[in-house]
Amino acid sequence: MTVPMPPSLVTIDASEPLEKIYEIIKRDGGVIVKNMLSPELLAECMSAIEPHFKTRETYTSKATHDELGADFFPKGSKRVYALLSKIPDQLTKIMRLDVWQGIMSRFLSDEYYSYTGEKLLPQKSGYMLASTAALRLVPGAKPQPLHRDQIAYMVRPDPSNPLFTPMVGCLIAGSKCTYKNGATAVIPGSHLWGPDRAPKQSECTYAEMEPGSALFCLGSTYHAAGENICELTDEDALRTLFAVFAQRDYYRQDQEEILSTPIENARRLPEDILKLSGYHKAVGGAGYVEDHQSPHEFLQLDYGLGQFGHGARAIKNAL
């Protein structure tokens, strides 16, 4: 009996119309966008992140064991989190790309209507940065268990609204990504599954990509980091990805970029990036400060949010 091959991921060039990319994601739950980063921006990103990798050992944190389990981040990965504080210029350029903004807006923005008294009030929601990281698999890295990224938001798939997800993942290839060095395993179509179907390795295809390409996945699509079976001497022994994830702006931010970004850095960020990074309240009003003000209004003050920089320095000096 012939065993059917799992469906492969579609690869489409970043220059193609966004509507074509949206349709593929709706059908498959993910897509590879080729040439999302220009060679110049890719080189910038790799040059900026390399000093941070040089000071990192392989990941050993146990901070996620209670909520995700001890095997969620297996041995053999190097992880640099909170890129807004480490490579802000490069991250700004990524977040301004039409493809990134278009996909996040299409799958994470909504319009609602709600009565306040007898008046029907139109409401909208937007999207914001969820989390950022640079992820490197070294030879010997073990595979990650298949999972849905929306796990942290406690959202169960809704058959009546199968495309609803609290977040969308974007994994940008900083290096060549191959099956051998740990390309991301993905199960196309799994975003349409109910909560009771378990994923199987035999259903996976692998997001093999050239540098500068990006894998976009809905938060409901099963996927996982692969296994790096390269030798240290292999040309493509290191697999490097940049994770630039987004979420609906009314959920609690997955990674608190505000707390990990020094206040002095935040004060220099462009207004559009402040808005996308969590320094503005949600389009619908969630995340306000004091008299329903937006957090960014307090950035230049010496109290509230504006004190974070002073507090961080005091803590650092005390250590």
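View 1. Strand E8 (residues 185-186) runs antiparallel to E11, and two bridges join them. Strands (E, at least two residues) and helices (H or I, at least four) are DSSP runs numbered from the N terminus, and two strands pair if DSSP finds at least two bridges between them. A word on the model: it is predicted, so local features need pLDDT of at least 70 and side-chain atom pairs count only at pLDDT 80 or more, while totals for chains, interfaces and linings use all residues. Residues are numbered from 1 along each chain as its sequence is written, and side-chain values use heavy atoms, with hydrogens and water left out.

**View 2. Cys 45 and Cys 170 are both buried.** How many disulfides are there? The count comes to zero, where a disulfide is a pair of cysteine sulfur atoms within 2.5 Å. For Cys 45, the closest cysteine sulfur belongs to Cys 170 and is 11 Å away, too far for a bond. For Cys 170, the closest is the sulfur of Cys 217, at 9.9 Å, again too far for a bond. Cys 45 counts as buried because its relative accessibility is 0%, and Cys 170 likewise has a relative accessible area of 0%. Buried means under 20% relative accessible area, exposed over 50%, and partly exposed in between (1.4 Å probe, protein chains only).

**View 3. The largest pocket holds about 920 Å³ of space.** Its lining has 39 residues, and those nearest its centre are Phe 72, Phe 73, Arg 79, Tyr 81 and Asp 254. Two or more lining residues come from each of helix H3 (65-68) and strands E3 (77-81), E6 (127-137), E7 (167-173), E11 and E12 (239-248). A pocket is an open set of points on a 1 Å grid over the protein atoms alone, where a 1.4 Å probe fits, with protein on both sides within 12 Å along at least five of seven lines; lining residues have an atom within 4 Å of a point.

**View 4. His 191 sits in the loop between E8 and E9.** Is His 191 buried or exposed? His 191 is buried, because its relative accessibility is 2%. Thr 221 is 30 residues from His 191 along the chain, yet their C-alpha atoms are separated by 4.3 Å. Leaving aside neighbours within four places in sequence, the contacts of His 191 (heavy atoms within 4.5 Å) include Ile 25, Asp 28, Arg 148, Leu 163 and Thr 221.

**View 5. Strand E12 carries Thr 240 and Ala 243.** Thr 240 is buried, at 1% relative accessible area, and so is Ala 243, at 6%. Not counting residues up to four places away in sequence, Thr 240 touches Met 46, Phe 53, Leu 135 and Ile 172, among others. With the same exclusion, Ala 243 touches residues including Leu 83, Ser 131, Leu 135 and Cys 170. Ala 243 and Ala 173 are 70 residues apart in sequence, with 9.1 Å from C-alpha to C-alpha.

Technical notes: Points joined across faces, edges and corners; volume = space filled by probe spheres on them.
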